[in-house]
Amino acid sequence: MGLFKKNPFGHYIILKKWLIRIFGVLTHRRYRGFNELQIEGSEIIKNLPDTNVLFVSNHQTYFADVTAMFHVFNASLSGRVDSIKNIGYIWQPKLNIYYVAAKETMRAGLLARIMSYAGAITVERTWRSKGQEVKREVNPNDTENIGLALDDGWVITFPQGTTKPFKPIRKGTAHIIKNHKPIVIPIVIDGFRRSFDKKGLRIKKRGILQTFQIKEPLEIDYENESIEEIVSKLEYAIEQHPSFLKVIPAEEIQAMEDLNEQRRWGY
């Protein structure tokens, strides 16, 4: 690998590698120490192709979710099964992993800008900006960049576009799936909302069991399934379809709402 080699977005590969190494070492104990990350299905990761893989997940914090994915993916590729034991896996990380993030989030402070260099594909929200409801057209450059990242490697996206649970899936993800025909891997996480602050930077509570389930690739008829059908399939796959609310106790739903309000006014 050349010292000055760049990825398709103009980022120096060697700098990205060192950022992932440093952040990996600094964050490891957040998932194996202060709290415990229970992983299921990581054997799926090792059998995936090197490019055109889209991971879709529910979302609980700005940064802790995607950081955990970098840990789990690299540990799995290093031969660990459902474990991130022994941080050595981070020394030679997979460098063509990208994640979709709101542009305003990744511009909010120096740390966010540094983390952006590690693989963020920044997009403009079409429905919300600076805490206000908006309605604007999708920026074609955003979808083009996601396609570019899929051509180069793996992409992580949170199709609800918010850390609040059971919010609608954004149709843009379904359009990307129709257009680029990636392998779609659902991920379901839990416990991050309780153990971290909203940004996912500060440990709020220790001793929390965090769960991380990787599911089998979705079966999608790229040519014949409608956008609405793909959206529905994604909602069920990441367990965010409204029907799941019927089997969650009312007091647990209320607790989630109360926690969201606390997190909202805390930042």
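Why does the distance between the end C-alpha atoms of helix α6 (residues 140–152) agree with the span it should have? At 1.5 Å a residue, the 13 residues of α6 should span 18 Å, and its end C-alpha atoms are 19 Å apart, which agrees. The expected span here is 1.5 Å times one less than the number of residues in the helix.

This is a predicted model, in which local features need pLDDT of at least 70 and side-chain atom pairs count only at pLDDT 80 or more, while totals for chains, interfaces and linings use all residues. Residues are numbered from 1 along each chain as its sequence is written, and side-chain values use heavy atoms, with hydrogens and water left out.

Overall, the protein chain has ten helices and nine strands; these are DSSP runs (helices H or I, at least four residues; strands E, at least two), numbered from the N terminus. Of its 267 residues, 49% count as buried, where buried means under 20% relative accessible area, exposed over 50% and partly exposed in between (1.4 Å probe, protein chains only).

Back to α6. Its buried residues are Asp142, Ile146, Gly147, Ala149 and Leu150. Seen down the axis of α6, they fall within an arc of 160 degrees, so they line one face of the helix; the arc is that of the directions from the helix axis to the C-beta atoms. Pro140, Glu144 and Asp151, on the other side of α6, are exposed. Among the elements covering the buried residues of α6 are β2 (53–57), β3 (97–102), β7 (154–157) and α7 (171–180), with contact meaning heavy atoms within 4.5 Å.

Ala112, Met115 and Ser116 are buried in α5, and seen down its axis they fall within an arc of 105 degrees, so they line one face of the helix. Their cover includes α1 (13–31), α3 (64–77), β3, α4 and β4. Just after α5 comes Gly119, with a positive phi of about 150 degrees.

Then there is a helix pair. The axes of α7 and α9 (residues 227–237) come within 9 Å and cross at roughly 110 degrees; axes are lines fitted to C-alpha atoms, for helices over the stretch in contact, and angles run from 0 to 180 degrees between N-to-C directions. The two helices are therefore roughly perpendicular to each other, a label for angles of 65 to 115 degrees. Residues making the contact include His175 and Ile177 of α7, and Ile230 and Leu234 of α9.

Note on methods:
Angles under 35 degrees count as roughly parallel, over 145 as roughly antiparallel, 65 to 115 as roughly perpendicular and the rest as oblique.
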